[in-house]
Amino acid sequence: MSDYVAKRMLEREAEFIEQQTISVFAATWNVNGKFASDILDTWLACETEPDIYAIGFQELDLSAEAFLLYDSTREEDWTSAVAHGLGEHFTIVKDIQTDSAGVGIMGMMGNKGGVSIRMRFHDTTICFVNCHLAADDNQVQRRNQDYLEICRRISFPINPLYPLPSSPISPINPIPISSTSTTSSNIGLTGGLPSTPGVLSAAVNNIGGMVGMSGSYGAVQGKAFSIFDSDHLIWMGDLNYRIEALPEYEIKDLWSKKEIDVLLKFDQLGIQRKNKWAFDEFEEGQITFAPTYKYDVRTNNWDSSEKNRAPAWTDRILWRSKENNGIQQLAYRSHMEITQSDHKPVSAVFNMKIKKIIPYKYNEVHSSIVRELDKFENDNMPDAKISCSVFDYGDLQYFGEPQTKIVTIENTGQVILKFKFVPKMDERHICQPWLSIEPAQGYIIPGEKEAIKLIVAIDNISAPALNAGSKVEDILIMHLENGKDFFISVHGNYTPTCFANNLERLVRLPKPIKRTHQEHLPLYPIEHQISVPREIWRMLDFISRYGLNLDDLFLVSGHQPMMKHIRECLDTGEEFDLKLLLQQPPKAPSPPPIGYEDDEATPNEHGKHLTDISILTAYSENLTTPPQDGLGENIGVHSMAESLIRFLESLPEPVIPYHLYDQCLNVTNRLAAHEVIELIPSVHANVFIYVTSFLREVICQNKKKDFARIEMLAIVLGSVLLRSKSTERVLDSHAQRKKNFLLHFLTDETLDEEEFEDNFGAE
């Protein structure tokens, strides 16, 4: 009955809590990779001692390694600088939880993204998010997409707000947190009362750390709290939104005349919030300070570099609260006196309402709820009815939007009803991996109803079995304690995709996978299989013809609607829509891989894809639809490159099989690396050689050896070609050794081991 009791306690919490008000100081600063400064007291100073300091940094470390690895010595220096600026007035808080999401290069790495800390102050949950979104004036849509990705991917393990074990009151001991390392973005929290000295600094290692697509529906499946499942949420960082439609000189002129209201009409963040495209549930205080970007370092002068960046309020602090007037902003300002970076720090001071449980009243309410349960208890059998027992989800797509159906159960009996979904005979799980149930169990008092979500989401975890022939169908058993069972049928239609498929199967397909499936064609015999999957050849062929000379190839994220179009073409065999991807005439195709046959093509049906990518041209002057400009030059090529990354990432067995993972990490020289490749299955070896040979060709396009670029390519591709079976985050040492393993195949054989170490570093 504990779930029901906890639910009722939440409903009646006003009877056993008292309200308090605390002060919160929030601050953000993009330090532009500069070394720590001890002169931070003017930034961190407050007229009244705050109870919580929440301090967010961006660009602590701009090195290539910091984008991937978790450790950075810069974080320790900046933590010390903050401590020096604050002095001794910290304490401890309870239930500290942290998470991060990297949305930078290829949507995975930590040069852009967010970190978050969730904690409990007395009995109120507070969440802080620090982020760094996509740069450049025209990347509005990318910034919106980064925001949504951070919201979707950051989550925290579920712990009940009112735990109810053997006794009603179960005090939770405060947990002191010591400093941990961060890279390009971090958030340090310090909270305290003047009477309790000490230090709290909780931060997250590298934002993202090569977060993959698999498991990305964790929050949807109800396995964790999202950042919005908190009483109060403060979001800060370098959001990078600019002032649009005005030239640089006019922005400066309007600011010199203090025409702030005019400038704010063109503020991209304000436009996004007004049109509910991003941050629409947040509040922001009135801006009265100068744009915080961009300045000449060590001055208060606007950028005078060759790029002559236009001023903008890129650095912001916003908030939201579940309680009306739960947060009141007292101050919002920038700090012009700090000139170390090209950004100015920003700070805000808030009053925040906090709940505190009164123990004896808590026990009284708890006891009364238990008596309610006793009142309903009798010997009668429970009875219930459900709204529907058959659910058809129709056509389902790989990594499409999660599809939700609702089954409502009503307690039609006279006693408390406990329901629980249970596994079928000889099975361990209550449902198939593509399905989740929220809630999977619960209590209902007589006359009340419970709406249960049945959510279908096909991702890299569930797709391999479906691609191999399993059907989207399941029978759920809802068991009533001391009563009957309900049987609920769930089914849908799924067409296989080349993503999340085995390489050994793909090279034996007689035609693209959807046509093979529709025409019920048998696989080629092994002796007739092609050398590499046609899908990999098509993607690399496209990149070779249209993007081989791009300096940032594989280092820029693609555009999701374009990637959806690419995946559909790979699945059906249709030609890529070059008008969409390139807006130029097609070039002559490259020779296909050995064993590839050009099947008779079906007529192109590009029209059916236009709705997926029509948002690319949807931006209008009156801003009635989300802005899509600024996706970047060569976005079609970058979308193809990221599609290849996602394809390799989705393989159930990676290109280098799991059982050779540790052996690859222990490789110390080029010869040993090549010996490992001789051990992998022939199809995997073909793909590895094909991809790495292509990467060498990419590198060769640059006559001057750009070792930093080579290193970044090794980081990105190494993360998907060489993967651990473990779902835990990649250790720093593993990430470094994965990169070094791949570098043995990307660098010139004439580069001896000493030169290799000089240019790429040792572990």
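How are helices α20 and α21 oriented to each other, roughly parallel or roughly antiparallel? In this predicted model, the axes of α20 (residues 682-700) and α21 (residues 707-721) cross at roughly 165° and come within 11 Å. Angles over 145 degrees count as roughly antiparallel, and α20 and α21 are therefore roughly antiparallel to each other. Their crossing is right-handed. On the α20 side, the contact is made by F688, V691, L695, V698 and I699, which meet R709, I710, L713, L717 and L721 of α21. Sorted by class, this contact holds nine nonpolar residues and one charged residue, with no polar ones.

A second helix pair can be described in the same terms, since two packed helices are described by the angle between their axes and the distance between the axes. Helix α13 (residues 534-546) packs against helix α17 (residues 635-650) at an angle of about 150°, and the two axes are 10 Å apart. Helices α13 and α17 are therefore roughly antiparallel to each other, and the crossing of this pair is left-handed. From α13, the residues E535, I536, M539, L540, F542, I543 and Y546 take part; they meet G636, V637, M640, A641, S643, L644, F647 and L648 in α17. The residues of the α13 and α17 contact comprise 12 nonpolar, two polar and one charged.

Attention now turns to the strands. Strands of a sheet pair through backbone hydrogen bonds, either parallel or antiparallel. Here, an open sheet is built from five strands in the order β3-β4-β5-β9-β10, with mixed pairing. The edges are taken by β3 (94-102) and β10 (315-321); each has a single partner strand, so one side of each is left without a neighbour in the sheet. From one strand to the next, the twist averages 15°.

Within this sheet, β5 (residues 124-132) and β9 (residues 232-238) run parallel and are joined by seven bridges. Along this pairing, C131 stands opposite G237 in β9. The sheet also has a helix lying across several of its strands: α5 (residues 140-153) lies across β3, β4 (113-121), β5 and β9. Relative to β3, the edge strand, helix α5 runs at about 140°.

Key. Residues are numbered from 1 along each chain as its sequence is written. This is a predicted model: local features need pLDDT of at least 70, side-chain atom pairs count only at pLDDT 80 or more; totals for chains, interfaces and linings use all residues. Side-chain values use heavy atoms; hydrogens and water are left out. Axes are lines fitted to C-alpha atoms, for helices over the stretch in contact, and angles run from 0 to 180 degrees between N-to-C directions. Helices (H or I, at least four residues) and strands (E, at least two) are DSSP runs, numbered from the N terminus. Angles under 35 degrees count as roughly parallel, over 145 as roughly antiparallel, 65 to 115 as roughly perpendicular and the rest as oblique. A crossing is left-handed if the near helix is turned anticlockwise from the far one by less than a right angle, and right-handed if clockwise. Contact means heavy atoms within 4.5 Å. Ala, Val, Leu, Ile, Met, Phe, Trp, Tyr, Cys and Pro count as nonpolar, Asp, Glu, Lys and Arg as charged, and the others, Gly among them, as polar. Two strands pair if DSSP finds at least two bridges between them.
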